[in-house]
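Try each task before reading its solution.

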Amino acid sequence: MHKFFSRENWLFYFKHPAVRWNVCYLLLLTILSLCFAFTLNWVVGIIVFVIALVGGVTSVKQLRRLVIDANEYLNHLVYQIKQGQQEALLEMPVGLIMLNQRQEVEWINPYMARYFPLKRVVGKSLAEVDEELAQLVQQHADDTKPQVVTWRDRQFDFLVQKQHRVIYLMDVTKYEQISKRFKQEQIFLGNIYLDNYDELIQGMNDSNVSNLHNYVTSEISKWAQENQLLMKVIDDDNYLIIGHRSALQELERKKFKILDIIRENTSQQNSPVTLSVGISYGENNLIKLADTAQENLDLALGRGGDQVVVRAQDQPARFYGGKTNPMEKRTRVRARMISQALKELIDQADQLFVMGHKKPDMDSLGACLGIRRIAEMNGKECWIVVDDEQQHSDIQRLMREVDNYQNIKDHIISPSEALEKATANSLLVMVDHAKESITISPALYDQLQNRLVIIDHHRRGEEFPENPLLVYIEPYASSTCELITEMFEYQPREGKGLNKLEATTMLTGIQIDTKSFTKSAGTRTFDAASYLRSAGADGMMIQSFMKEDSQSFMQRNHLLARAEINDQIVICAGEEDRYYDSVTAAQAADMLLQISNVDASFVITKRSDGGVGVSARSMGDFNVQVVMEKMGGGGHLANAATQISGKTVAEVKQELLNLLHQRVAKDDEKTEE
């Protein structure tokens, strides 16, 4: 009883809420019972008091026992949790490193210690313990999610808790190997097409055709076997290849040498065959894989053939080959088919709109005039969309000459007027370009992109309209004017043909793009020029159009004086605070090729819109198109350009130098191989 009423007991009772509230409840109940009992009879009251006292002491003791047992259980549970945590830190298969404020190792768990056998780690700086690991910590200190890193030839999920100065490493080498194997065993699908097979076999006897086909098939089959590919012949000029991603990586490393082998060997037999290949990967759906492979083949063909396009769906394309200038592969049959298809589209439209690229040149405007005349010959109205801003001197002279031809003048409109006139049944023709980013009126393109025709002679790039009604891209043609001139042969005879201004403008476009018929001019080019001369093209007017003003002449000479020659490549950079006309820059690039032992020229100038333009030219041995594509532009193997925003002339020059240096380094590696 003395223990029950001791101070420690009462402190214990009232320290715990459960005991405290139950004791208070019992006391209140006891007091009420005693009051009621003594009111009835004092003897009863004493009896009740004794019973209450015994019951209260027993109840409180039981409560105390329950609390003690609960505390013991909780303490044991906490101990087990702490012991489990400690054992987990010591035994779990995750490396753990704790650092102090001085970036010294404060503690590592046994799992991590296995990477530092017989080496003192605790108390030393992390950089002293392992410099590679310290660099990884510095690189990934701000990462919020684990990153896969390579350390000591193994892969780890790596996470740094910067605020707690704790480093976690989980060895995931096994899973990364499984993932790598999965990627390597993914299927890729490729289409191989013989670019000029139909043209080559025309005029051949059956024996020579059979020998040529057997040789090409044999070489492709041998190449496929060497690289563990499945090859199937689809048609005389079409093959299907299937393989694993690991084989594709090896093919890319070797730069698809099969293109060079077949081209060189067939050229020695006077039957030069070139291949275009479209390859897709990274897709489990075989239908989508096949569609992407076909799209890549179309892209390779649109860029002139003799190359490989490797691309996964919605990913940037990688190009291989394209080392030679495109060969003349089109036939009169194709030109007639395109003309017939265009005529049908014109008949279905209520009106036509034709436009070239921004800052149009003579080829662009000449093509526009040609399309307008074809539309008129088919009884349809055609509007030429022209932006009057920043026109070069030759275009300004042309527009002044247009004032003498009222019918043409009335059909030249601004982009805003074109938007007002366009209807859902109108047809839009884009000439001399195939990119929305450089078209004169992107708004008109957006409105009529489902009613679109493209006629161009530049290599097709990755930026390309999704669903044009008709595409006529022939990279081997000298100019767009040449392509359109051939279409006049298949137009209605009752229609009025080209007038003097239209024929002269189109011939000027051909002459400028071929550098007066010295570059990219084939037999079809001279046929087109002959037709335009017979249609009334005026030589004196051509000379007038091609004249340049004194300011452009002085600008070009100023650029030429800033040229720097380095290892058969000329780089000319204009001044940072001086704007140069794009045509003047292109002319300067052409003139620099006249220097002895110069293979390529690059002219970098500040444009009036604040951006920087690069004009690139070569004699054909140096592929300037690849360099310009890496800088966001495009063009031909020997004639390309790009426009860059947000950089200075000096920055663009340095970027170009870096790309050229990388190219030279790759060529050196290839030579060593």
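**Exercise 1: the surroundings of an arginine**

Leaving aside residues up to four places away in sequence, Arg 556 touches Glu 548, Thr 584, Gln 587, Ala 588 and Met 591, where contact means heavy atoms within 4.5 Å. This is a predicted model in which local features need pLDDT of at least 70, side-chain atom pairs count only at pLDDT 80 or more, and totals for chains, interfaces and linings use all residues. Residues are numbered from 1 along each chain as its sequence is written, and side-chain values use heavy atoms, with hydrogens and water left out.

Task: decide whether Arg 556 is buried or exposed.

Solution. Start with its place: Arg 556 lies in helix α23 (residues 550-560); helices are DSSP runs of H or I with at least four residues, and strands are runs of E with at least two, numbered from the N terminus. Next, take the relative accessible area of Arg 556, which is 7%. Arg 556 is therefore buried (under 20%; exposed is over 50%, partly exposed in between, with a 1.4 Å probe and protein chains only).

**Exercise 2: the span of a helix**

Task: check the span of helix α9 (residues 206-226) at 1.5 Å a residue.

Solution. The expected span is 1.5 Å times one less than the number of residues. For the 21 residues of α9 that gives 30 Å. The end C-alpha atoms of α9 are 30 Å apart, so the two agree.
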